[in-house]
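Hi,

Here is the structure I promised to pass on. Have a look, and my notes follow below.

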Amino acid sequence: MSLSSGTAASLVMLAEGVEGGNHESLNPLLTGGGALFALLLLLWITTRFNRDR
């Protein structure tokens with residue numbers, strides 16, 4: 001698969017215009033902690049329903 005020079009140039013210009021990508025209101029620590037809590041909660045719920053062992 002090859003790109004034409006015009007397509008490649010427009011993709012480079014598009015990529016240069018993007019700064020960081022992080023949203024100001026997202027706290028990585030809070031997001032990761034919330035995801036960890038949700039997964040641990042799902043694990044706990046799953047083990048409570050799996051009483052046959």
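Helix 2 is hardly covered: zero of its 22 residues count as buried (buried is under 20% relative accessible area, exposed over 50%, partly exposed in between, with a 1.4 Å probe and protein chains only). Across the 53 residues of the protein, the buried share is likewise 0%.

A word on the source: this is a predicted model, where local features need pLDDT of at least 70, side-chain atom pairs count only at pLDDT 80 or more, and totals for chains, interfaces and linings use all residues. Residues are numbered from 1 along each chain as its sequence is written, and side-chain values use heavy atoms, with hydrogens and water left out.

The protein has two helices and zero strands (DSSP runs numbered from the N terminus: H or I of at least four residues for helices, E of at least two for strands).

L39 sits in helix 2 and counts as exposed because its relative accessible area is 57%.

Cheers
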